[in-house]
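Trainee: I'd like to learn how to read a model like this one. Could you walk me through it, feature by feature?

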Amino acid sequence: MRIDVITIFPEFFQVLDVSLLGKARQAALVQTHVHQLREWAATKADGTPDPHRTVDDAPFGGGAGMVMKPDVWGKALDDVLQDGGVLVIPSPAGVRFTQALAAELSSAPQLVFACGRYEGIDARVAEHYAQQGVRVLEVSLGDYVLNGGEVAAFAMIEAVTRLIPGFMGNAESIVEESHSDGLLEYPSYTRPASWRGLDVPDVLLSGHHGKVAQWRAEQQLSRTRERRPDLLPPDAGGGLDA
């Protein structure tokens with residue numbers, strides 16, 4: 001998979017070199033390229049030089065903040081997007097990012113993350129590339145607002161790339177984690193068996209794999225009812241005692 005990030009703050013993405021993602025890059029499982037948006041702002045829309053490399057302007061209709069310019073983004077995306085590439089625009093007005101969407105995107109040949117700032121990217125950018133046949137996704141991590149798209153983009157990059165075959169050392173760990181089956185993950189414990197007056201549940205020390213599996217399934221349901229009842233199927237019940 002190839003991942004391109006376009007941003008005015010490329011230094012945010014130095015973390016791409018660490019941990020499992022850094023190893024995946026070294027193993028050529030993932031290619032990552034971070035681009036400075038201002039590289040495409042050397043000239044204005046009329047072709048005259050822009051020494052300030054301006055990427056934003058005041059919004060039509062008035063209002064606070066600035067909007068990122070479509071002409072600059074258009075030049076950048078024309079150069080970066082490849083055939084089959086998916087354009088991902090982090091936005092608090094986008095669809096919710098989920099594990100299912102991460103799994104879907106993990107098979108894309110290229111993901112291009114367009115990191116907006118200020119009041120976002122001119123809406124015509126998404127509209128134009130969708131009209132050109134590019135798959136365009138405006139995606140939100142949750143119901144809150146960040147200063148820009150960089151943090152959201154990195155979170156999505158990590159969620160997507162760890163699902164690429166060969167990325168994780170133990171593929172089974174992906175199967176058993178939160179949201180892989182629609183529920184939250186069960187609690188995990190390790191040595192010592194007793195710590196500060198808190199003991200590991202006896203069933204996990206029993207060596208009985210069937211009982212351990214049953215306990216973990218029950219814990220998944222219990223945790224999900226308590227913390228994320230919206231994830232439960234209708235026939236699972238929403239109450240804590242269900």
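**Cores, sheet, helices and charges**

Mentor: Start inside: the largest nonpolar core has 29 residues, and those touching the most other members are Phe97, Leu105, Leu111, Phe113 and Ile157. A nonpolar core is a set of buried Ala, Val, Leu, Ile, Met, Phe, Trp, Tyr and Cys residues joined through side-chain atoms within 4.5 Å. Buried is under 20% relative accessible area, exposed is over 50%, and partly exposed is in between (1.4 Å probe, protein chains only). Keep in mind that this is a predicted model, where local features need pLDDT of at least 70 and side-chain atom pairs count only at pLDDT 80 or more, while totals for chains, interfaces and linings use all residues. Residues are numbered from 1 along each chain as its sequence is written, and side-chain values use heavy atoms, with hydrogens and water left out.

Trainee: What is Leu111 in contact with, leaving aside its neighbours within four places in sequence?

Mentor: Contact means heavy atoms within 4.5 Å. On that basis Leu111 touches Met1, Arg2, Ile3, Asp4, Val86, Leu105 and Val160, once neighbours within four places in sequence are set aside.

Trainee: And how should I read α5?

Mentor: Compare its reach with its expected span, which is 1.5 Å times one less than the number of residues. With twelve residues, α5 reaches 16 Å from its first C-alpha to its last, close to the 16 Å expected at 1.5 Å a residue. Then look at its buried residues: Glu150, Ala152, Ala153, Met156, Ile157, Ala159, Val160 and Thr161. The buried residues of α5 pack against β1, α1, β5, α3, β6 and β7.

Trainee: Now the sheet. In what order do the five strands come?

Mentor: The general idea is that strands of a sheet pair through backbone hydrogen bonds, either parallel or antiparallel. In practice, two strands pair if DSSP finds at least two bridges between them. Here the five strands make an open sheet in the order β2-β1-β6-β5-β7, with parallel pairing. β2 (31-36) and β7 are the edge strands, each pairing on one side only. On average, neighbouring strands of this sheet are turned by 30° against each other, direction ignored.

Trainee: How many bridges join β1 to β2?

Mentor: Six bridges join strand β1 (residues 2-7) to β2, and the two run parallel. For an example, find Ile3, whose bridge partner in β2 is Thr32.

Trainee: Which strands does helix α2 lie across?

Mentor: Helix α2 (residues 70-80) lies across β1, β2, β5 and β6 (110-114), at about 165° to β1. Axes are lines fitted to C-alpha atoms, for helices over the stretch in contact, and angles run from 0 to 180 degrees between N-to-C directions. Helix α4 (residues 123-131) lies across β5 and β7, at about 145° to β7.

Trainee: How many salt bridges does a search of the whole structure find?

Mentor: Side chains of opposite charge can pair when their charged atoms come close. The cut-off for a salt bridge is a side-chain nitrogen of Lys or Arg within 4 Å of a carboxyl oxygen of Asp or Glu. The search finds seven. One of them joins Asp143 and Arg96, at 3.2 Å from N to O. That pair links distant parts of the chain, 47 residues apart: Asp143 sits in the loop between β7 (135-140) and α5 (150-161), Arg96 in strand β5 (residues 86-96). Asp143 is exposed at 73% relative accessible area, and Arg96 is partly exposed at 42%.

Trainee: Is Asp122 buried or exposed?

Mentor: Asp122 is buried, with a relative accessible area of 15%. Asp122 forms a salt bridge with Arg124, and their closest N and O atoms are 2.8 Å apart. Arg124 is partly exposed, at 48%.

Trainee: Where is the cis peptide bond?

Mentor: It joins Arg191 and Pro192, with omega about 5°. Pro192 lies in the loop between α6 (172-175) and β8 (194-195).

Methods:
Helix = DSSP H or I, 4+ residues; strand = E, 2+ residues; numbered from the N terminus.
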